[in-house]
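Dear colleague,

Please find the structure below, handed over for your work. A summary of the findings follows it.

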Amino acid sequence: MRRLLLFGMSTYVAIVVMLAVLQRSLIYLPDRESQIAPQDAGLSPGRVHAITLKTDDGLELRGWHILPPAQSATDPKQCDQQLALGRPVVLYFSGNAGNRAWRIPEFEVFTQLGCDVIVFDYRGYGENPGSPSEERLAADATAVWRYATQARRIEPRRLILFGESLGGGVAVRLAAEQCAAGTPPGGLVLRATFSSLPDAAAYHYPWLPVRWLLVDRYESAERMPRVTCPILHLHGLRDSIIPIELGRKLFAAAPPQSANGIPKRFVALPSADHNDILAVAEPEFEAAVAQFLKQLSVQVVH
């Protein structure tokens with residue numbers, strides 16, 4: 001009887017493991033590279049600097065620190081001098097596909113408004129080791145926060161978390177955790193993200209029991225009530241991957257205003273789908289971000 005029970009348990013564990021592997025192969029679509037050098041960004045010399053951090057489980061993640069136009073640094077010391085000038089710093093959390101070299105136009109929206117951008121590829125993306133999962137990406141996000149606040153000595157109130165699509169789930173979780181810890185970021189900006197991954201999966205596969213089967217869930221709507229920093233959510237009205245209704249559901253779960261009295265704001269982009277927001281709605285996107293920065297009393301450079 002005991003042997004039969006152990007066999008049943010081992011079979012169950014094997015099924016769960018296989019299910020997780022299959023799901024993650026569909027959720028995470030990294031573009032792997034042997035190296036992504038700063039010059040790959042195509043920006044002027046001195047604006048993009050390679051940076052690295054170590055996660056709690058010993059992985060080394062690589063990323064970039066991107067300076068605004070007309071700013072330049074030649075070495076880490078000058079980069080720190082740039083950070084000491086007090087500009088807002090965007091911690092960028094990408095979607096489920098590609099790597100950081102795919103997202104230069106998105107970075108430039110923020111740098112053109114006078115922000116620095118710090119972006120790390122998740123484990124398993126770009127040239128980084130490891131394999132992604134919800135908990136592992138959350139650990140990566142915590143490591144990025146620690147890198148920014150401890151290694152680079154950036155005050156939390158200067159940090160703006162930005163999450164696009166799946167990265168919205170990563171950013172919401174980090175924001176909720178830091179707000180609960182008493183170290184809230186300066187703001188949270190979300191683009192085309194969901195209330196939860198089961199909600200998004202059920203939209204696409206209504207005939208499957210995905211709500212029961214999903215291992216990685218990104219339950220953002222459950223975490224959003226703990227986000228006390230200012231919130232801006234942008235979403236395409238024509239989004240065919242994450243319908244705007246799921247963005248509105250997430251937004252509804254947020255407090256009406258931040259702890260410092262800034263009302264949350266949802267911006268619907270009428271002509272935009274999921275992946276073409278900058279192509280068809282960049283002026284509206286940039287204007288909303290610029291207004292958000294002004295609300296935060298953060299220096300904006302035009």
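By class (Ala, Val, Leu, Ile, Met, Phe, Trp, Tyr, Cys and Pro as nonpolar; Asp, Glu, Lys and Arg as charged; the others, Gly among them, as polar), the lining of the largest pocket holds 23 nonpolar, seven polar and five charged residues. This is a predicted model, in which local features need pLDDT of at least 70 and side-chain atom pairs count only at pLDDT 80 or more, while totals for chains, interfaces and linings use all residues. Residues are numbered from 1 along each chain as its sequence is written, and side-chain values use heavy atoms, with hydrogens and water left out.

A pocket is an open set of points on a 1 Å grid over the protein atoms alone, where a 1.4 Å probe fits, with protein on both sides within 12 Å along at least five of seven lines; lining residues have an atom within 4 Å of a point. Of its 35 lining residues, L26, I27, N96, L197 and I241 are the closest to the centre.

Among the 18 residues that line it, R157, R158, G186, N260 and L296 are the closest to its centre. Its lining divides into nine nonpolar, six polar and three charged residues.
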